[in-house]
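Please look over the sequence and the 3D view first.

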Amino acid sequence: MCLKRAIDLTIIMLKMSFNRAKMFKADSIMGIISSVTYLSANILFWVVVMTAPTFALEGWSFQNIVMFIAFSELFFGLDGAAFTMSSRFWRVIYSGSLDALHTRPMDSRLRFIIVNIDFVKIVTAFISFMILILVSGVQIVSHLPLLVIGFIFVVLSNIVLSLMRLTLSYAAFWLGKMDALSEVADCLTWFNKYPLVNVPGVASLLFRTILPFYFFSTFPTEVSAGMLSHSDIVLGLLFMSLCIVFWVIIHGMVWKRGLRKYESVNG
């Protein structure tokens with residue numbers, strides 16, 4: 001029953017999202033122009049950097065960098081369209097709206113995320129991803145299985161980041177207004193701006209196990225470009241699994257303790 005309600009609500013929000021894009025055509029067109037301009041500037045930046053004599057990114061060609069930009073834009077697109085609102089869930093707690101959401105059969109956190117999804121952004125993110133993959137010159141047919149694996153890792157890392165943001169949002173159960181903490185949670189996406197290949201050993205291990213930063217775009221690019229062995233891919237899958245399990249457990253524990261602490265305005 002809850003799954004059916006979630007699907008029905010998703011379909012409703014999907015229709016509303018595309019109807020909104022049709023109604024505000026000028027804004028939608030300007031958004032596309034803005035995205036094209038940004039991607040062009042980003043590629044130009046890497047052209048300049050990669051040709052600089054003092055710059056070295058061992059094992060990475062310009063084709064790999066373009067693929068990294070593709071996965072980076074996919075990550076940012078999915079994050080902005082569906083997952084970034086997780087850092088704003090504290091407002092539901094702080095305002096006392098959690099009472100009303102708890103009377104519904106669907107999980108309050110899932111419902112909050114679904115009603116804030118921008119499906120148009122998801123489509124444009126995927127289109128941008130495919131265009132950049134084509135621009136990179138990679139043979140899509142032969143690399144398709146690896147590209148799919150990379151895509152899955154981008155989605156999984158977004159989910160883990162969403163769990164992290166939700167967990168931070170639960171601080172509102174004890175501390176109230178959490179605007180500053182939301183900003184901190186949003187800044188975590190900036191670990192996706194550059195390939196995390198030259199990170200020191202301890203930080204690198206941290207970014208692969210407890211924190212999912214390495215899986216935002218760096219690992220998907222390395223997988224899709226054929227830069228890793230099968231054992232490296234399996235190890236990455238193991239680390240990603242550990243990261244998911246860790247945050248599912250922490251997220252669940254903080255949520256349950258927060259609910260025991262919770263008292264709304266009329267509580």
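## Helices and the predicted model

Helices are DSSP runs of H or I with at least four residues, numbered from the N terminus. In those terms, Phe62 has its place in helix α3, residues 62-83. The model is predicted.

Leu44, Val47, Val48 and Phe62 make a nonpolar surface patch of about 340 Å². Helix α2, which covers residues 25-50, gives the most to this patch, with three residues.

Phe62 belongs to the patch and lies in helix α3. Its relative accessibility is 33%.

## Salt bridges

Side chains of opposite charge can pair when their charged atoms come close. The structure holds four salt bridges. One of them joins Arg88 and Asp186, with the closest N and O atoms 2.7 Å apart. Arg88 lies in the loop between α3 and α4, while Asp186 is in helix α10 (residues 179-187), so this pair ties together parts that are 98 residues apart in sequence. Both Arg88 and Asp186 are buried.

Another salt bridge is formed by the side chains of Arg91 and Asp179, at 3.8 Å from N to O. This pair also links distant parts of the chain, with Arg91 in helix α4 and Asp179 in helix α10, 88 residues apart. Arg91 is partly exposed at 42% relative accessibility, and Asp179 is partly exposed at 33%. Asp179 also meets Lys177 in a salt bridge, at 3.8 Å from N to O. Through shared partners, salt bridges join Arg91, Lys177 and Asp179 into one network.

## The end of helix α4

Helix α4 covers residues 90-95, and Ser95 is found in it. Ser95 counts as partly exposed, with a relative accessibility of 40%. Ser95 and Ala172 are 77 residues apart along the chain, and their C-alpha atoms are separated by 10.0 Å.

## Aromatic rings

A pair of aromatic rings is described by the distance of the centres and the angle of the planes. The structure holds 24 aromatic pairs. In one of these, Phe207 and Phe213 are edge-to-face, at 5.0 Å centre to centre and with 65° between the planes. The pair is called edge-to-face because that class takes planes over 60 degrees apart. Phe207 is buried, with a relative accessible area of 12%, and Phe213 is buried at 3%.

Ring pairs also build a cluster: Phe75, Phe76, Phe191, Phe207, Phe213 and Phe216 are linked in this way.

## Charges over rings

The charged end of Arg109 sits over the ring of Trp255, 4.1 Å from the ring centre. Arg208 lies over the face of Tyr214, and here the distance to the ring centre is 3.7 Å.

## Cysteines

How many disulfides does the structure hold? The number is zero. A disulfide is a covalent bond between the sulfur atoms of two cysteines.

Are Cys187 and Cys243 buried or partly exposed? Cys187 is partly exposed, with a relative accessible area of 43%. Cys243 is buried, at 0% relative accessibility.

Technical notes: Residues numbered from 1 in each chain as written. Predicted model: local features only at pLDDT ≥ 70, side-chain atom pairs only at ≥ 80, totals over all residues. Heavy atoms only, no water. Disulfide = S-S within 2.5 Å. Buried < 20%, exposed > 50% of the residue type's maximum accessible area, 1.4 Å probe, protein only. Patch = residues over 30% accessible without salt bridge, like charges linked within 9 Å, V, L, I, M, F, W, Y side chains within 5 Å. Areas by Shrake-Rupley, 256 points an atom, 1.4 Å probe, with all protein chains shown as cover. Helix = DSSP H or I, 4+ residues; strand = E, 2+ residues; numbered from the N terminus. Phe/Tyr/Trp six-rings, centres within 6.5 Å; stacked < 30°, edge-to-face > 60°. Lys NZ or Arg CZ within 6 Å of the ring centre and 35° of its normal.
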